[in-house]
Amino acid sequence: MERGSEAQKAEQKASPPAGSHECTLYTLDEENKAHCFACARRCTIKPGHSGYCGVRTNYDGKLMLNVYGRMSAAHIDPIEKKPLYHVIPGADVVSVGSYGCNFRCSFCQNWQLSQKTFEWRSKVGDGEALDGEVVQHCGDYMTPAAIVAICKRRRVPLIAFTYNEPSIFGEYCRDVAEAAKAEGIRSVYVTNGYETPEHLDMIKDLVIAMNIDLKAFTEEFYSRLCKAHLQPVLDCIRNAHERGIWIEITTLVIPDENDSSEELTQLAQFIASVSVDIPWHISAFHPDFTMTDKGRTPISTMRRAYQIGKEAGLKFVYIGNVQDTSRSTTYCPECDTALIERSFMTSERLAPFDNGKCGKCGCKLPGIWE
């Protein structure tokens with residue numbers, strides 16, 4: 001009986017979980033190894049093994065997305081929560097997410113979802129395929145049509161792929177975004193910025209905007225605290241901008257880790273080198289996941305970072321996670337008139353704001369306004 005159970009378990013591991021779909025962002029070599037290029041890790045995955053993310057698995061020479069349609073969360077949020085301040089202010093968005101990540105950030109604030117596959121993988125061995133039954137029973141299965149139906153029923157104009165890293169389940173995001181676009185509903189990514197050029201080419205006509213985390217500006221930070229690398233994120237920001245996707249950047253400012261004036265200046269200058277029109281969101285840290293030994297980011301640090309962004313030439317710098325209305329407001333970059341006022345997750349279009357233009361001086365603001 002015991003031997004039979006082991007055989008059943010091995011057979012189960014060799015078969016994709018119900019509902020999984022074949023990935024498209026990969027090639028196969030003569031040894032049946034899958035070369036995945038959904039994200040910048042570009043994992044080489046042997047048969048019977050998964051990539052670093054844990055959700056893309058090689059079953060006998062076919063790379064399958066195990067969590068296709070397996071949603072860990074689906075909520076209606078204000079677009080400001082993403083945060084995307086220059087994408088239809090005040091609009092609702094259906095936020096959906098799955099499981100897993102290609103980063104291992106010690107300060108992750110969605111770790112219950114994004115880090116779940118690391119927990120699963122610890123039970124089967126590093127790199128081995130996850131038990132199909134475990135994946136099959138995680139989350140609610142939602143087809144692309146089901147996501148779109150929610151938007152239509154609730155009259156929500158946007159879908160956000162968020163909560164966990166969308167690059168690792170990009171084929172599902174693509175299918176949802178295609179179905180949504182056919183109904184006049186638009187899609188956005190909230191991401192750590194590890195999308196490859198191939199991934200960006202797949203979504204560039206489907207995803208109108210991306211909020212990309214630029215977590216720090218040193219390789220040491222990325223390698224030590226995220227188990228990742230800085231350069232692919234910088235490349236993704238440039239590549240996404242070049243493809244015409246609207247970009248906003250978020251930096252979680254962590255005391256004594258990435259909050260020096262020198263590093264914040266270098267980070268802001270990089271954003272400005274891509275475009276001074278890119279909004280930079282400065283977010284306050286709070287203790288979470290395994291980083292519980294640091295306090296919250298002081299408001300003085302947030303305001304210093306705000307000033308650094310302005311001095312670097314960025315036209316739109318915003319403070320988040322704290323109450324600071326004046327530094328969360330959108331101002332006309334030409335005449336400094338207040339156009340969109342925000343308080344936490346709410347926004348109000350002020351009288352001078354006129355369909356993406358300043359009603360006072362006529363300046364057209366960069367972004368997606370209607």
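These are my notebook entries on a few spots I looked up in this structure, which is a predicted model.

**Entry 1: the cores**

I started with the nonpolar cores. The largest one has 88 residues. Inside it, Phe107, Met210, Leu214, Tyr222 and Trp280 have the most contacts. I then checked which element gives the most to this core, and it is helix 10, residues 261–274, with seven residues. Another core lies apart from it and holds 13 residues, including Leu158, Ala160, Val188 and Ala209. For the general picture, I jotted down that nonpolar side chains tend to be buried together in soluble globular proteins.

Next I picked out methionine 210 and skipped its neighbours within four places in sequence. What is left in contact with methionine 210 is Leu84, Tyr189, Thr191, Glu195, Leu200, Cys236, Ala240, Ile245, Trp246, Ile247 and Glu248. I note that Glu195 and Glu248 are on that list along with Leu84 and Ile247.

**Entry 2: the largest pocket**

How much space lies in the largest pocket? I have it down as about 1000 Å³. Its lining is made up of 38 residues, and Lys82, Gln109, Asn110, Val190 and Asp213 are the closest to the centre. I went through the strands too: strand 12 (186–191), strand 13 (207–213), strand 14 (246–253), strand 15 (280–284) and strand 16 (317–320) each put at least two residues into the lining. Strand 15 has the largest share, with three residues.

**Entry 3: helix 6**

After the helix comes glycine 184, and I wrote down its positive phi, near 80°.

**Entry 4: two loop residues**

Asparagine 66 sits in the loop between strand 6 (62–65) and strand 7 (70–71). Is asparagine 66 buried or exposed? Its relative accessibility is 1%, so I count it as buried, the cut-off being under 20%. Its side chain makes a polar contact of 3.2 Å with the side chain of tyrosine 59.

Tyrosine 52 is in the loop between strand 4 (44–45) and strand 5 (56–59). I put tyrosine 52 down as partly exposed because its relative accessible area is 25%. Last, I looked at tyrosine 52 and proline 279, which are 227 residues apart along the chain, and their C-alpha atoms are separated by 31 Å.

Technical notes:
Residues are numbered from 1 along each chain as its sequence is written. This is a predicted model: local features need pLDDT of at least 70, side-chain atom pairs count only at pLDDT 80 or more; totals for chains, interfaces and linings use all residues. Side-chain values use heavy atoms; hydrogens and water are left out. Helices (H or I, at least four residues) and strands (E, at least two) are DSSP runs, numbered from the N terminus. Buried means under 20% relative accessible area, exposed over 50%, partly exposed in between (1.4 Å probe, protein chains only). A polar contact is a pair of N or O atoms within 3.5 Å; within protein, one must be able to donate a hydrogen and the other to accept it, and residues adjacent in sequence count only if both atoms are side-chain atoms. A nonpolar core is a set of buried Ala, Val, Leu, Ile, Met, Phe, Trp, Tyr and Cys residues joined through side-chain atoms within 4.5 Å. Contact means heavy atoms within 4.5 Å. On a 1 Å grid over the protein atoms alone, a cavity is a set of points where a 1.4 Å probe fits but cannot get out, and a pocket is an open set with protein on both sides within 12 Å along at least five of seven lines; lining residues have an atom within 4 Å of a point. Grid points are joined across faces, edges and corners, and a volume is the space filled by probe spheres set on the points.
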